[in-house]
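Subject: Structure for you to look over

Hi,

Here is the structure we talked about. Please open it alongside these notes; my findings follow directly below.

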Amino acid sequence: MNARDEILGRIRQAVRDAPEVEIPRAYRTRTSVADLVGLFAERVDDYRAIVHVLPSAEVPDKITELVRGRRMVVPDGLPPQWAGQAERAGGSLAELDAADGVVTGCAVAIAETGTIVLDAGPGQGSRAQTLVPDYHLCVVRAEQIVAGVPEAVARLDPARPLTWISGPSATSDIELNRVEGVHGPRTLEVIVST
Amino acid sequence: MSGTFLGMPGNFPENAAKAVQDSQLRYNLRKATHTIRGKRANVVGELPDWTELRAAGKAIKDETLRHLDRYLIQLEEAVTRAGGHVHWARDAAEANRIVADLVKATGESEVVKVKSMATQEIELNEALAEQGITAYETDLAELIVQLGDDFPSHILVPAIHRNRAEIREIFLDKMPETPPGLTDEPAALAEAARLHLRERFLRSKVAISGANFMVAETGTLVVLESEGNGRMCLTLPETLISVVGIEKLVPAWRDLEVFLQLLPRSSTGERMNPYTSMWTGAVEGQDFHLVLLDNGRTGVLADEVGRQALRCIRCSACLNVCPVYERAGGHAYGSVYPGPIGAILTPQLRGMSSDLDASLPYASSLCGACYEVCPVAIDIPEVLVHLRGKAPHNPAERAGMRVAGWILDDSVRLGKAQRLATRFRKLVPKRLPGPLSAWTDTRDLPDIPEESFRDWWERHERP
């Protein structure tokens, strides 16, 4: 018998008398939060990321200011007003490694956990583009922020590669102290566009 | 890790007795477990629906296990449809062979690894080394363990037994590019690891990972991490091989809404871990192979009390609250799965034929703190007691238990036995002899009263 059939056979034998299960879903699936933007900004800040909350009209100038003098990766489909005046970095792995940063949008953001989710859609770049450069500037539109994890899961498409980001790269491996900055971008800067 | 846990000598009480003499170890462990305990309690307390999430998490895992055959087939179809390849491995040797063959087919002799309990359990690194393939651990704690020629001692933080000064020594000794001026500041140590691994990430062609969850409905795999080494391994190499235990499934995409709240808060005590990667099949031009691992899990599944251990999502909250783990440390358990969950998982996965494995169900005071913090409500004390019943016992002890059972089963017999014991109470020793001494090594036999309660009741209260 091949491994697949043998394992499946063992499972059927093992659970034959096991009881059926009902899944209770009494947890919150829709939470109302009065100030989604405020909660999101506070929670992102808790991870020691940098947060700005700005009216949408002021966002392009802020980006220009932040990326000045940096060689930035600009992913396909990024709204041109978010690209700043930065020098553009190329797309190979070596060029990504040499770039100073990347500027992206996002697919959804979660207020309760201070999380940004990228789905590699327009303006979000490939997974490597948001990973290799040391600085990630992410623009979140206010309407992309949901209250909790269940609302975010419902909005996302599992067929796309998803990256959930909560603060800059970190480790707690040394005496369980959180230290920001290991292999991923060491600086995460978030602009919430209202 | 250069050694191997399998066939480790000794047993838990002996290992623990040695470990508690190490004051540095006890200091490191106490500091770390107490820090994480406080963080967990804070972020769990923030959620008004923690109890409901826990109940859902438990039930989702039970449902998965009840129909594991169906969900595995569904997963296989979904992964295959999305361009991935699915392999099945009955045991460690088969899984290791599959992975080694896949790596050889790429023509590479080096792989980068994301921290994974499953690959530690099957001792994949050692198996690959025998085939001339070098596996590089990329998680900071795993790196510390690998460079230090050491064993992991915690599920989440394998180097929890090392403090910053010890880590600095290991880095200076084993990473040639480390500047001699390296301080023992955690940030400086993390920076040294970043430099050490950066170039390797950029040039590696093959990566090996585990997964925290697999979604049957969509074929999606999920890896939670903190450092970004996971993203590096999952994203950059041309070939990705994931070795995952068959119990890591959840039925539906929606089920992640429960576990993405339960796991980070229980594990690192954060609202969310820095990075979570999700991918379905072959993504962005990558070759993707999924190796589904049994290695004793179907045996655990057949035990109706013990099977709840398969709900485990490897958060390690039970280790952090365990008074035994806090003092004995992870190495005493002689397994990649230490602490309370290890004490019920290891003897079930490996059997109880070795001295060490047979001693594990006793590595607990049954205080129940582990059950209380478990995000999927595994009743660890219940399974411990169940396994103690199944563990090998001395014939004298078995006979004694049979006699005790026979007496306690019948009130007339019990009354007679009590009266007999009362009459000879002065002759009953405080310590039991020979093979029964384990019962009285650390505690005295209780005094036998002059009169049993039942007789006293007969005399006084009976109308």
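In chain B, strand β7 (residues 239-245) runs parallel to β10, and 7 bridges join the two. Strands here are DSSP runs of E, at least two residues long; helices are runs of H or I, at least four long; both are numbered from the N terminus. Two strands count as paired if DSSP finds at least two bridges between them. Within this pair, B:Asp287 of β10(B) stands opposite B:Thr239.

β10(B) has another partner. Strand β1 (residues 85-89) of chain B pairs with β10(B), also in the parallel sense, over 5 bridges. There, B:His85 has B:His289 as its bridge partner. Of the 7 residues of β10(B) (residues 287-293), 6 are buried, so the strand is largely enclosed by the rest of the structure. Buried means 20 or more other C-beta atoms within 10 Å of the residue's own; exposed means 12 or fewer; partly exposed lies in between; C-beta atoms are placed from the backbone.

A word on the source. This is a predicted model: local features need pLDDT of at least 70, side-chain atom pairs count only at pLDDT 80 or more, and totals for chains, interfaces and linings use all residues. Residues are numbered from 1 along each chain as its sequence is written, while chains are lettered from A and ligands numbered from 1 in the order in which they are written.

Confidence: pLDDT is the predictor's confidence in each residue, from 0 to 100. Chain B has a mean pLDDT of 93, with 98% of its residues at 70 or more. For the complex, the predictor gives an ipTM of 0.96 and a pTM of 0.93.

Next, helix α2 of chain B. This helix covers residues 23-45, 23 residues in total. From first C-alpha to last, α2(B) reaches 33 Å, close to the 33 Å expected at 1.5 Å a residue. The expected span is 1.5 Å times one less than the number of residues. Its buried residues include B:Leu25, B:Leu29, B:Ile36 and B:Arg40. Among the elements covering the buried residues of α2(B) are α1 (12-19) and α12 (256-267) of chain B.

Now the interface. 58 residues of chain A contact 74 residues of chain B; contact means C-beta atoms, placed from the backbone, within 7 Å. On the chain A side, α1(A) gives the most, with 11 residues. That side divides into 29 nonpolar, 15 polar and 14 charged residues. Nonpolar covers Ala, Val, Leu, Ile, Met, Phe, Trp, Tyr, Cys and Pro; charged covers Asp, Glu, Lys and Arg; the others, Gly among them, are polar. Strand pairing crosses between the chains too: β9(A) and β9(B) (residues 275-280) are antiparallel over 4 bridges. A:Trp164 has B:Thr276 as its bridge partner.

Chain A has an open sheet of 6 strands, in the order β1-β12-β7-β4-β2-β3, with parallel pairing. β1 (50-54) and β3 (87-88) of chain A are at the edges with a single partner strand each, so one side of each lacks a neighbour in the sheet. Inside the sheet, β4(A) (residues 101-104) and β7(A) (residues 135-141) share 3 bridges. A:Thr104 stands opposite A:Cys138 there.

Last, the record. An unreviewed UniProt entry places "domain: LUD" at residues 95-192 of chain A. That span is 11% helix and 35% strand, with its end C-alpha atoms 28 Å apart.

Best wishes

Notes:
Two residues are in contact if their C-beta atoms, placed from the backbone, lie within 7 Å. UniProt positions are given in the numbering used here, feature names are shortened, and annotations may be inferred rather than shown by experiment.
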